[in-house]
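Hello,

Here is the structure I promised to pass on to you. Please open it next to this note, and I'll walk you through what turned up.

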Amino acid sequence: MVAHLVRLKLTLLRNGLRRSAWQVVGVVAAALYGLLVLVLGVAGAVALGFVDVQVRADVLVVVGSVLVLGWWVVPLVAFGVDATLDPRRFVTFGVPRRDLLVGLTLAGLLGIPGVVTAVTTLATPLAWWREPAAALAALVGGVLAVVVCTVGARATTTALAPVIGRRRVREVVAGLAIVPFIFLGPILSSLAEGAGRVDGLGAVARVLSWTPMGAPWALAPAVVAGDWTGLVVRLVIALGTVALAFVVWSWALDRTLAEPVTSGGDSRARGLGWFGRLPATPTGAIAARAATYWLRDPRYAIAVAIVPVLPLLLAVSAPEGALVLIAGPAAAFTVGWSISADVAYDGTAFWTHLASPLRGVADRWGRVAVAGSLGLVVTLVVVVGTVWYTGRWDALPALVGASTGLLLTSLGGASVVSAAVVYPVQQPGENPFGTKQGASAAAFTSQMVGFTAVGALAAPAAVLALLAILRESPGLGWVALVVGVVLGSVLLVVGVRLGGSVLDRRGPDLLQRMRAFA
Amino acid sequence: MPAIALHGLWRRFGQKVAVAGIDLAIPAGSFYGLVGPNGAGKTTTLSMATGLLRPDAGTVLVHGVDLWAHPVEVKRTIGVLPDGVRLFDRLTGAQLVTYAGLLQGLDRPTVEARTRDLLAAVGLEQDADTLVVDYSAGMTKKVALACALVHAPRVLVLDEPFEAVDPVSAANIREILHQYVAGGGTVVVSSHVMDLVQRMCDHVAVIAEGHVLAAGTVDEVRAGRSLEERFVDLVGGRISGEGIAWLRTSSD
């Protein structure tokens, strides 16, 4: 039975590759990345063999603990656990529970993260090649660590599925998860600083080695130190963790099989919201719908999540320079371009527009109105904030001109692009961090062409603004302001008109393509 | 003048011809059923008849006006409930119906009053303020039907409107539709359920592999037998024989 499950997983992988060439490209790219990590990991293990025993032990315990923690936590927020072998699909077959769990554990290792983790972990004995007894302990610890990783991941995801499955919770978790990624640089540098000082690493490692995450990695150091009690206790901790994870997984499985996860949650909203406030016209209705989605749909929030962070990052990395001033134009572009896949974000719900007596131009203006109002407020706040921070009030008109120009131009460009091309995107309620298979060449090409066109069209105001700031010439700044606003407005109107007529012609084709994605 | 007249509709997806030259006249004031096996081209035909899918060839006349030549004018007069598509499900039920009404160009008081009436009629008053994403499959069908009705269209085109709808709601919906037809409207529904079509519709067309096999009043098409028997005759595909011998648990 276990062999059957492993073979099933291999067949599924192979058939998945047959579906499209892009899938193969994706897998090859991921495999190369995995290979790189693997080589680095094994080389790191060998290299550790040449450093002082204490440092070697501390590094292994800390890095290993992070690895285990990653297996346990990352699937909850980011990529989800590999669902190709969903235990629920085996309900109708009489598979003994133990065979099912063992088979799924082994099958779970058949994948790039699984192989990389297993091989790297089983290479850790190389770090102990001078102490054969410790190497043996490291091998045992490595096997235990791999099992702790995979079974632990299954246990956490299955046990927390009812909570994470709730739409609201997942949206919030996914939204919060981006924050550490953005601050990854500063966090890592401060961690490194802390570890370098007063043997901070050693202290952390000593604590971690008694936890379920660190115990399997601490077996070899205990052997070297001749700490036999420590060895036994850590072995018990590691084995206990594996056993506990199996029990939790099995128990949680029983529960999900008996009561399937519902995405429910009683979300209600009083009254009509934006639909009662904006004008009662088709354009007003589309704006109201867009505004509602900006608030309720995390895909939009994530598209612009970088905006408040960028000025902080720039200010931290270059505290003296005027570099932080580019945060304003960057915010303008980010918000303006955020509607460049708006029809793709609608998905097949776009039929509502197609079935209505609606001109494409009305559709475009409704979407532009919301992104534009939000973009204008955000841009002005960031521009004034960065000018205040740098004390360069002379640059204000130039920056406002360049930013407004970029905002209007990118809104116009996005209006054309989103009417011309659709490609598979995350649908509402799907994990916004999950990667969408088959995100095609169309996505890449349209984004690149759009970027380039918007950049070129907004260049006049941007160049004038740059000259004004560098030469500290307020006169040139006012020229940049006028050029940015006037040229941007013209380009916005042209973009909306053009996008509207493209939408009138191609609307049904877009819907048909999105139906085919599903 | 027919409410919907389809002339020589063709549509191909890649290698597969989904609709191969369909001609159909749907009389004004009729309750028209469209039946056919899975993959017959019902959804494709209805999409092309409502402006959601561009035909490769052929014309669609709605009350004599060419849909694909004058889409804005024609779409004011038809209400659509497509199958297998999402809704803007982050809106509440009331917001979604309001949205559909405003997109049709109705003014605010009219939309407000009609939204209230429609949600009451399909039994969603209690859930007017719940997000559509949290609706059950049957409730989703019902709110989509309310969206299709909000602008009081002359023609109503419903693709599988009774799928996943419970019997009580289905009866309510049927009553709404019958009243609508009695008031001079035209309804086109597609369905798998022959019994339902035989009882509910006055006209029927049988479609298979992209062709119309039979069309007319229900009595003409069924020719004295039940619609289901006639359908199986027309479409074929019944597999007869001695069956699967070992599938008899009583033998051992």
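Val60(B) counts as buried because it has 21 C-beta neighbours inside 10 Å (buried means 20 or more other C-beta atoms within 10 Å of a residue's own, exposed means 12 or fewer, and partly exposed is in between, with C-beta atoms placed from the backbone). Please keep in mind that this is a predicted model: local features need pLDDT of at least 70, side-chain atom pairs count only at pLDDT 80 or more, and totals for chains, interfaces and linings use all residues. Residues are numbered from 1 along each chain as its sequence is written, while chains are lettered from A and ligands numbered from 1 in the order in which they are written.

Val60(B) sits in strand 4 (residues 57-62) of chain B; helices (H or I, at least four residues) and strands (E, at least two) are DSSP runs, numbered from the N terminus. Beyond its neighbours within four places in sequence, Val60(B) is in contact with Leu6(B), Met48(B), Ala49(B), Leu67(B) and Trp68(B) (contact means C-beta atoms, placed from the backbone, within 7 Å). Met48(B) is 12 residues away from Val60(B) in sequence, and their C-alpha atoms are 7.8 Å apart.

Now for the sheet around that strand. In chain B, 4 strands make an open, antiparallel sheet in the order 2-1-4-5 (strands pair if DSSP finds at least two bridges between them). Its edges are strand 2 (16-26) and strand 5 (65-66) of chain B, each pairing on one side only. Strand 1 (residues 4-13) and strand 4 of chain B run antiparallel and are joined by 5 bridges; one of the bridge pairs is Ala5(B) with Leu61(B).

Further along is helix 9 (residues 227-235) of chain B, with Leu227(B), Arg230(B) and Phe231(B) as its buried residues. These fall within an arc of 100° seen down the axis of helix 9 of chain B, so they line one face of the helix (the arc is that of the directions from the helix axis to the C-beta atoms). Their cover includes strand 3 (31-35), helix 7 (194-200), strand 9 (203-208) and helix 8 (218-222) of chain B. After helix 9 of chain B comes Gly236(B), with a positive phi near 75°.

Finally, the two chains: 37 residues from chain A and 34 residues from chain B take part in the contact. Helix 3 of chain B gives the largest share of the chain B side, 7 residues.

Best wishes
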